[in-house]
Structures are given as C-alpha cells and as structure tokens.
Amino acid sequence: MADREAVEQEERTSLAEELGVRIYIMGKEYRVPAGLTIMKAMEYAGYKFIRGAGCRAGFCGACGTVYRKEGEYKLRFAVACQKLVEDGMFLVQLPFAPAPRVSYDLEKLRPTENVLLKLYPELARCVACNTCTKACPQEIPVMDYIQAALRGDIKRVAELSFDCIQCGLCSMRCPADIKHYHVAQLARRLYGRYLAPKAEHLAQRVAEIEAGRFDEELDRLTRMGKEELSKLYEARQIEEGVGV
Amino acid sequence: MRIAYYPGCSLKALAANFDRSARAAMGALGVELVELERWNCCGTVSSLTTDDLMRQLAPVRNLIRAQEAGERRLVTACAMCYNTLKRAALRVEAHPEELAKINAFLDEEPDYRGGVRVLHLLELLRDEVGFEAVAKRVVRPLEGLRVAPYYGCLLLRPRGVGLDDPENPSILEELVRALGAEPVDSPLKGQCCGSYHTVAHKEVVARRAHKILSEAASRGAEALISSCPLCSFNLDNRQRLIRELDGSFAPLPVLYFTELMALAFGLEEALSPEGHYVDPRPFLEERQLLRR
Ligand code: SF4
Ligand code: SF4
Ligand code: FES
C-alpha cells in the first residue's frame, strides 16, 4: 500500500515536472515548472517585481500573497518567496498593506497599561474572530497578541509577536480594522526600551570602547594596506585554536 | 476547592487591585482561583444590533477554553465579564442553531458543546462557601463600619442572568454583615452608573455618580462597595469632576467587595492605594481597621 502510494506520488511528481503545474495569476492561467516558489513562478510567467519583493528569503515581509486552491472554500496566505507553487493555485500579490502607523516619540511614551490602546484605540473593536491568526504566514497567534495588547500586557505582545515580518496580511483581513503589526512593533519597542532586562556586558563593552581600549588596535588596522589586511583576514582564527 | 477563573482584561490592568484582593480573600477561604491558561476579552457590552452573532465569538471562545481544560464551571469577579459570558452561555444553549453557526465559524476550535456554567464570585460565596464560613474566617470584624452595597446593572439584569432579586437584592448586604460591618441600604443601589457614557459624556456620568454617592452618604454610608471595574471607575475616579461641579461634595471611598473581605481577613497587603482615586486607607486607619 505504502509502496503504491510512493509510486503514485512519484508519477505525479514526474508528470508535474513534464507538464508543469497550472497556476492562475490574477485570473489568467499559466503553466510553470513544479518546484518554483510563487515569486519565481510569476517571474517565469513574465512578471517583473519592481515592488513587493525584497529579501527573497522570508524575512522582509514584502511579498505577501493571497491564494485559494481549486475546490477549497478557504483563502490561504503565504509569502511568495517561500511558498512553492501547487497545482490549481489562484494567486494574487499583496505587496503593500494600507495600514498607517501612528507617529509617536518613544522617549515620551511610558510602558503603561493603556499606552497601546491610547495610540491604537481600534484595538478595543476586536471580536476575537481569530481571522488574523489564520492569515499569518508566520504562524503567529496574532489574536492572542492583540488580546494581550488589549489588557496592557506589553511583554506578552512583544514575545508572541517576535517573529512578525510585517507583511500586513492580518491587518487586511481583520473585520475590526486593527493594525496588528504596528501595535506589535510599538510593544516590542516599549519592551526593549523600558522593560527588557539591560544587558550588562554590553554596557561594559561600550564603556571599554569609550575608554579607548581598542583605539590602538583600530589605528593599527586602519594604517594597514590591502595586502596586509587580506593576509591577516585569511589567517584569522575561526574557532579556538583552529586557524583557516 | 479549585475552580477555573476568568480574570478579564480590566482585572489585569486598571483593576489589578480587584484581582489581587479576590485571589487573596478566596485563598483565605480555601478556594484557589485557577486562571485559564489562555483567554481573550469577554466581548463586553452586548451589542444593540439584532444581528450580533459576531459579538458572541469572544465569549463562546472563552467557554471553549474552559471546556478544553475539562472545566464545567467558570468563575469571574468582574460583573461585566460575568454578565457577558453568562448571557452568551445561556443564549447558545437556548438557541442551538446559533451555536451551530458559531461553531462553524470557529472552525479552528473544537465545537462548543454547551454545559459550562458561568458563576460570579458572590454566588460561589453564597451557595458553596457560605456566609457563615466567611464570618468564621474574619479576624478583624469591621464593627461599626457603615458600607453601602452597590450592584449596578450587571449583577442583576437581565432576568436569568442576574444573581439576585433585581428589585431588592441582598447578597452584598449578607456579605457585609458576615464581615462584621453594617450594610447601608439605598434606593439607588441597582441604578446604572452611566457605564460607557463616561468616555463621551463625562459630566452626565459624574452627575449620576454624584446622586448615587450622595444618597448613600446621606444614609450614613462611610464607604461603598462594587463588583465592577467600570462602576468603580465612574463612582470613584469621577469624584474629581463631581468636586468641580459641587464644591461641598465630600469624598467617599469606593472599594471592591473583595478588598473589604481582605481587610476583614487581615490580609492588609491586598489593599493598596493603586486602583483607587479616593485612597481608602487614611479613613480605614482612622477607624483603626488598618494598621498605620
Ligand atoms: S502578524 Fe500580521 S504582519 Fe506579522 S507576520 Fe503575521 S500576518 Fe504578517
Ligand atoms: S481579525 Fe481582528 S477582530 Fe478578529 S481576532 Fe484578529 S484582531 Fe480581533
Ligand atoms: S521577499 Fe522578503 S519575505 Fe519574501
């Protein structure tokens, strides 16, 4: 049984390789080779990304994609540079989310219970539908961080939203028009500025630098010529006791 | 006794003193309030639109959380959360077709099967702990202290959700007596505090609060107790505006009923100035109910 399944799977794969997979870009059908990411598949089909692409590595959040698969009732969400094309995908890119960020001066804010609610009052409109969570390509419990924001728990918002890449897909789906990722970013800023334990070794190192401990070394390096520098680089120690 | 506990957003933020005193006072009675591991806002204020199923997602999701934890009961201290959660619980049980729709929408959750009972702390005290046991736990009877119970809307209405006689409730009076204090009755104890109008119509709410507080004071009350962070805000914090409107108004401390319990149980640390506009401590010290 398992063998047969494996064989069938293989047949399907080779068929897909031969014929390509069918995808629909803004409603128009294309056949593209299997194994491409959505972004590459769109480029293969002739589209050129002058916006809506950045890192191509799943980090910048510029390439939000909404798609639906044939025969499914649910919308699905992904970042185009990561998700591989599948047969029967109806695709549309969402390169930008019109979700304005409120302007604030972090130094003038304090991490109080109602600071998030004050700057983003629409938080109170959340009906706990969880649609935002379902839209998140990073699998973040988005509703839970919005709920934490609602009760002023800045630390929890910062922790839960840590992997947010600001693609904005959650905010485009929310029936309450909440700007999730901006709220989360503000929470992480407040957390970093006021709540996170200070890194003592960092302060120490900064003090050492300011006291001039590395000045001599730096001067030596800046005076070196290119050849000498690359020699030094090649001979650098990568691990304790191991040269290159 | 351990019981699943839903604190609600207010008790995690501006009414943290309510949460603290509730846990301390119930703990002293041998009741451990076990906070749900995950929960969301109760949903607050019931919508006035007829098509308001969307508004039931939040409370029902919390009921699912209780069901998930294997709990048949969920206790709250906040009157607003109690009202919202209980209303939703009763509603979906009376209307299976609505529940089916909600379950279909919440397709990432297990279906809510009904059967979670929403309780208010006061019901737990009356029906299970018993006011006699409360009286036994008192180490510092609040003798001679005249306290006006304030119910507002959410503990009493609508019928079926309310936990006492909506016209003449007595549960808070019984608690006050059990703590050794003297309840002060007022005809306004079940009147609305003005609720959310406090955001857009501060003065309207201040005038209302003025009436409620003055009525209680004229009957000899020295403090007022409530079970709702919003009522408390309107009755306590709005006293600043009341003073502006009426210079002769004398401040009246407003406490959560759990703070009064903590006081009588000798759990002074549970009574902090935070969360109060009118700091109740100087007055309690004066009455020698709180050590200086
Ligand atoms: S939380 Fe929102 S903005 Fe952040 S990654 Fe998820 S969907 Fe994108
Ligand atoms: S989509 Fe919006 S309303 Fe729904 S749970 Fe998320 S934040 Fe709340
Ligand atoms: S291009 Fe940066 S996440 Fe896709």
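Chain B exposes about 12500 Å², and carbon and sulfur atoms supply 49% of that area. The model is predicted. Of the 292 residues of chain B, 57% count as buried.

**Chain B: overall build**
- Chain B comes to 14 helices and eight strands.
- Its radius of gyration is 19 Å, close to the 19 Å that the globule rule gives for 292 residues, so chain B is as compact as a globular protein of that length.
- Along the principal axes, the C-alpha atoms of chain B fill a box of roughly 60 × 40 × 30 Å.
- Take the contacts in chain B with a separation of 6 or more: 78% of them join residues 24 or more positions apart.

**Nonpolar cores**
- In soluble globular proteins, nonpolar side chains tend to be buried together.
- Here the largest nonpolar core has 145 residues.
- The residues with the most contacts inside that core are A:Leu116, B:Leu125, B:Val134, B:Leu179, B:Phe257, B:Met261 and B:Phe265.
- B:Phe265 is in contact with B:Ala25, B:Ala28, B:Leu29, B:Val134, B:Arg137, B:Val138, B:Val139 and B:Leu179, leaving aside neighbours within four places in sequence.
- Two of those partners, B:Val134 and B:Leu179, are also listed among the residues with the most contacts in the core.
- A second, separate core has 26 residues, including A:Leu36, A:Cys81, A:Val85 and A:Leu91.

**Helix H8 of chain A**
- Helix H8 spans residues 180-195 of chain A.
- Its buried residues are A:His180, A:Tyr181, A:His182, A:Val183, A:Ala184, A:Gln185, A:Leu186, A:Ala187, A:Leu190 and A:Tyr191.
- The cover over these buried residues includes five helices of chain A: H3 (115-119), H4 (131-135), H5 (142-150), H6 (154-160) and H7 (169-173).

**Ligand 1**
- The residues around ligand 1 come from chain A: A:Cys136, A:Pro137, A:Gln138, A:Val142, A:Tyr145, A:Cys164, A:Ile165, A:Gln166, A:Cys167, A:Gly168, A:Cys170 and A:Tyr181.
- This shell divides into nine nonpolar residues, three polar and no charged.
- A:Tyr181 belongs to the shell and is also one of the buried residues of H8.

**A:Gly54**
- A:Gly54 is found in the loop between helix H2 (38-44) and strand E3 (64-69) of chain A.
- With a relative accessible area of 47%, A:Gly54 is partly exposed.
- Leaving aside neighbours within four places in sequence, A:Gly54 is in contact with A:Cys60 and A:Ala62.
- A:Gly54 and A:Ala211 are 157 residues apart along the chain, and their C-alpha atoms are separated by 40 Å.

Notes:
Residues are numbered from 1 along each chain as its sequence is written. Chains are lettered from A and ligands numbered from 1 in the order in which they are written. This is a predicted model: local features need pLDDT of at least 70, side-chain atom pairs count only at pLDDT 80 or more; totals for chains, interfaces and linings use all residues. Side-chain values use heavy atoms; hydrogens and water are left out. A residue is near a molecule or strand if one of its heavy atoms lies within 4 Å of it. Ala, Val, Leu, Ile, Met, Phe, Trp, Tyr, Cys and Pro count as nonpolar, Asp, Glu, Lys and Arg as charged, and the others, Gly among them, as polar. Helices (H or I, at least four residues) and strands (E, at least two) are DSSP runs, numbered from the N terminus. The radius of gyration is taken over C-alpha atoms; the globule rule is 2.2 Å times the number of residues to the power 0.38. Buried means under 20% relative accessible area, exposed over 50%, partly exposed in between (1.4 Å probe, protein chains only). Contact means heavy atoms within 4.5 Å. Accessible areas come from the Shrake-Rupley method with a 1.4 Å probe; for residues, only the protein chains shown count as cover. A nonpolar core is a set of buried Ala, Val, Leu, Ile, Met, Phe, Trp, Tyr and Cys residues joined through side-chain atoms within 4.5 Å.
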